[in-house]
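Hi,

Here is the structure for your modelling work. Please look it over before reading on.

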Amino acid sequence: MPSTLDSYDDLPYESLPLPDTHPDYLRALARLYGVDAAPMASCRVLELGCAGGGNLLPLAWYFPGSQCTGVELARGHVDEANALITELGLNNAQVLHRSITEPLEDHGDDLGEFDYIIAHGVFSWVPRAVQDRLLDICGKHLAPNGIAYISYNTLPGWHVRGLLRDALLSYCAPGGRASERLAQAHALFDLIEPALRANQSLDAQLALKEIEYLRRAAPSYVYHEYLEEINEPLHFSSFMQRAAHAGLAYLADAEPWTMFPDTLGADAAAPFAAIADRLQQEQMLDLARLRKFRRSLLVRNDTQVRSTPDLSALDTLSYYADLSSDAEIDLGSATPQDFSSPAGNRYSVSQPLTKAALMLLAMHYPQALTWDALQQRAGELVIEHGGSLDAAASDAYRTELFSLIAYQAVRPTLETGASIDALAAQPCAHPLARAQAARGRIVASARHTAVELDALGATLLLHLDGTRSLQQLVALMSEALQAHGQNTDPALLESACVQMLWTFARQGLLLG
Ligand SMILES: C[S@@+](CC[C@H](N)C(=O)[O-])C[C@H]1O[C@@H](n2cnc3c(N)ncnc32)[C@H](O)[C@@H]1O
């Protein structure tokens, strides 16, 4: 009988869909580096340390032709994942209760090769022997052109977080229950915060910022990042040395902008751009950025990888984005205009073609448009609004779009997806959405983002089983609100329900 991990059973990790781990995204990025990875629709995915399956199982659900296997040691997490697998009848997903260090086999049969191996939030937080085995699994079980995604805390930047971790570890007695130690951590924040506020030094201000960040963070993150016994940040160069030892080579970073020296700013970029060796350049960029965290993509060392991205491959991909602008979009001139993501990240663009492309992508979200269709339709929009197009405009658009892709504001994809034009008379949410809404407030969207529901949204989603009209849904919601002593104007409630239904539709949670 495999053992378990008490601290995770005591304080389970809230596992969420992680867009940067999505095989379709990894495949699109790999194409820029000359690697032809397997299509999502028929790939084999392995996730090591998959917790309750919040990242893995939506992949299996949205892509029934894929085969998704998770490995997880904490008993509670495995039970949580298996309950969802059973409820959804997922016959393309399994979560194995075992340590990463145990043989990768099922009933004595080797599990074979995988097109994608994901280990997010695991490497820095497990003992050295488990880290080595994790790399070893990637080296031995990646299929040709397969991609491993491994994230880890990075030096030198993590030293900043380490300051608070040291304080917490010395204050919170080891060995107690996770929930008790977490309460002690908050007691320490309360104790030292006033003193830090009164202290004008830079290090006190830094610690204050970290405390503010931790107060907002999920408790399971705070515990497992700051109070677990093991948390080993490392330099990128050390990580790559160990990866090379396991037969792996570098493909790219899942956050592409981090690989480009010019993102340091015009004055700072030149000495970094002059470093010819790619790995050395990235290590130096970590020093310059004081980088804290990495999401490295690795391939087998027999894979041919380009050292710079092939920008012509952009034309072979499709794109999606969910950006909006508060101001009226000016397609007539190259004035800078801000667009923001649902998470609040802002991006400034100035080319009329780019602005038109972002408008089109928002209209079609979650559906993606091919490079050609996007450029052609954006061009038509610009001309309709009195603008003109020439080769220079087209080049500037290409540069701006590439920058948006590098910053992950626009995502490349090979899965076009679909959008909904009209709400059904009796809207129906798919079973994964309803199963997740019944468990909590986070639901995985068709684009692998975490959709956070409020209480009203969760109630509505739970009732979308395809048997109720809008009027019946509004009546149900009204009853639910009244049960909590709230009376709402029926017209207002109906409009709120319609708005929520459109939000669900845009996230791909409704059946067509
Ligand atoms: C910080 S959590 C990250 C969970 C998930 N990958 C995510 O990012 O949401 C680390 C996970 O690794 C699991 N884990 C730790 N050591 C393990 C081992 N030796 N074998 C398998 N799983 C392990 C823990 O139980 C936990 O679920």
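This is a predicted model: local features need pLDDT of at least 70, side-chain atom pairs count only at pLDDT 80 or more; totals for chains, interfaces and linings use all residues.

Residues are numbered from 1 along each chain as its sequence is written.

Domains. The protein chain splits into domain 1 (6–155 + 233–300), domain 2 (158–227), domain 3 (311–413) and domain 4 (431–506). These bounds come from an automatic or database domain assignment. Between domain 1 and domain 2, the C-alpha centres are 28 Å apart. Each side gives 12 residues to the contact (C-beta atoms, placed from the backbone, within 7 Å). On domain 1, the touching side has 6 nonpolar, 3 polar and 3 charged residues. Here Ala, Val, Leu, Ile, Met, Phe, Trp, Tyr, Cys and Pro count as nonpolar, Asp, Glu, Lys and Arg as charged, and the others, Gly among them, as polar.

Ligand. There are 23 residues around the ligand, and S15, G49, L73, A74 and G121 come nearest (near: C-beta atom, placed from the backbone, within 6 Å). By class, that shell has 13 nonpolar, 9 polar and 1 charged residues.

Helix pair. α18 (residues 470–483) packs on α19 (residues 490–506) at about 115°, axes 10 Å apart. Helices are DSSP runs (H or I, at least four residues), numbered from the N terminus. Axes are lines fitted to C-alpha atoms over the stretch in contact, and angles run from 0 to 180 degrees between N-to-C directions. α18 is therefore roughly perpendicular to α19 (65 to 115 degrees).

Best wishes

Methods:
Helices (H or I, at least four residues) and strands (E, at least two) are DSSP runs, numbered from the N terminus. Angles under 35 degrees count as roughly parallel, over 145 as roughly antiparallel, 65 to 115 as roughly perpendicular and the rest as oblique. Two residues are in contact if their C-beta atoms, placed from the backbone, lie within 7 Å.
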